[in-house]
Amino acid sequence: MVSTSGSKTRNPYLEMLRPEISDMDLALPAASALLASYLTIGALPDPIMFIIAVIGGYAAITSSYVYNDCCDIDIDTINLPDRPLVANKLTRDQALKYAGFLFLVASAAALYLNPESFLVLVIAVLTISIYSKLAKRMTFLSFVPVGIAYGLVPIGIWLAFDPAGFLKTPDYGSILPLPAIFLGLMMCFTDWGFTLSGVARDVEGDRARGAPTFPVTFGIPATAKFVTFMWTVGVIASVAIGITAKIGPIYFAGALLAGGWMLIQSFDFIKNPTEERGGRLFLQGSRYRGIMFGSLILDVILCILVPAYSGILW
């Protein structure tokens, strides 16, 4: 997980939420909730549950951003001197309380929706905390828990609308259907590419503070190739979501067009393996996932409201 720079937000509390990538962070729980509800009951989700799921998912994601900032003050002093903690807009104690508040919001939402969702939330938070507190300073594989944690986000949302049946009934027939599995895998793989793109931008500070990240250990050219492979696998997984869910053409158009664009940007990173290009690819990764999830949201709504729509392909 990497923080972005150049945010125009003046309020430090809002700035720590990474508003420049909020489209992705809001669209992910919304798309997960809609797809799970559609495949489970063939209808739009309960509005209250949907709103709670989106707020809870967003709070879970952003709590990890804030906690990461608390752990990376020394590195951000070099890489991102305008970040709120480095610029003394907030104290570390204030930021830790803020991260705790966001986690409480996410926990309350998860407990209301389904205790299974809360269990997934706890696992995800512990996993991402391992990255922020320990792994980044210890191993070049520190990106691994980041992808796992973000891959668990859509799973936690999914279980709120399609319980596995271990901790809450009813059980709708399977622990996790294939679309949910591919959704989690897509998030995991693309987040490895997403995270390492940003880490490539932060080589100077990571090297100075002794953080043996993948780009510090193997160099930016090797990182660019690995990132491109991860985005390729992620795009393939996004197509698998549509095939297993049997949804309509708008999603496939969005996933393929945005995915193709993202791969072009990734190959450009291979041609231009610089810190600055990695930073731009990081932001482009957010746009790709925002567009893809936006396409999924629109497509599922059409599948629900216009039953003949999904029959265009199936």
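A disulfide is taken here as a pair of cysteine sulfur atoms within 2.5 Å, and a search of the whole structure finds zero of them. This is a predicted model, in which local features need pLDDT of at least 70 and side-chain atom pairs count only at pLDDT 80 or more, while totals for chains, interfaces and linings use all residues. Residues are numbered from 1 along each chain as its sequence is written, and side-chain values use heavy atoms, with hydrogens and water left out.

**Cysteines**

- Cys-188 is buried, with a relative accessible area of 10%, where buried means under 20% relative accessible area, exposed over 50%, and partly exposed in between (1.4 Å probe, protein chains only).
- Cys-303 is also buried, at a relative accessible area of 4%.

**Salt bridges**

- Side chains of opposite charge can pair when their charged atoms come close.
- With a salt bridge defined as a side-chain nitrogen of Lys or Arg within 4 Å of a carboxyl oxygen of Asp or Glu, the count comes to 13.
- Lys-136 forms one of these with Asp-72, the closest N and O atoms being 2.8 Å apart; because Lys-136 lies in the loop between α6 (115-133) and α7 (143-161) and Asp-72 in the loop between α3 (47-71) and α4 (73-79), the pair ties together parts that are 64 residues apart in sequence.
- The helices named here are DSSP runs (H or I, at least four residues), numbered from the N terminus.
- Lys-136 and Asp-72 are both buried, the relative accessibility of Asp-72 being 2%.
- Arg-137 meets Asp-72 in a salt bridge as well, at 3.5 Å from N to O, and since Arg-137 lies in the loop between α6 and α7 and Asp-72 in the loop between α3 and α4, this pair ties together parts that are 65 residues apart in sequence.
- Arg-137 counts as partly exposed, at 28% relative accessibility.
- Salt bridges that share partners join Asp-72, Asp-74, Lys-136, Arg-137 and Asp-206 into one network.
- Arg-201 and Asp-202 form a salt bridge with their closest N and O atoms 2.7 Å apart, and both residues are buried.

**Backbone: positive phi**

- Most residues other than glycine have a negative phi.
- Arg-18, in the loop between α1 (12-15) and α2 (22-41), has a positive phi near 60° and is buried, with a relative accessible area of 0%.
- Lys-246 has a positive phi near 55°; Lys-246 is found in the loop between α11 (220-245) and α12 (249-271) and counts as partly exposed, at 48% relative accessibility.

Terms used: Helix = DSSP H or I, 4+ residues; strand = E, 2+ residues; numbered from the N terminus.
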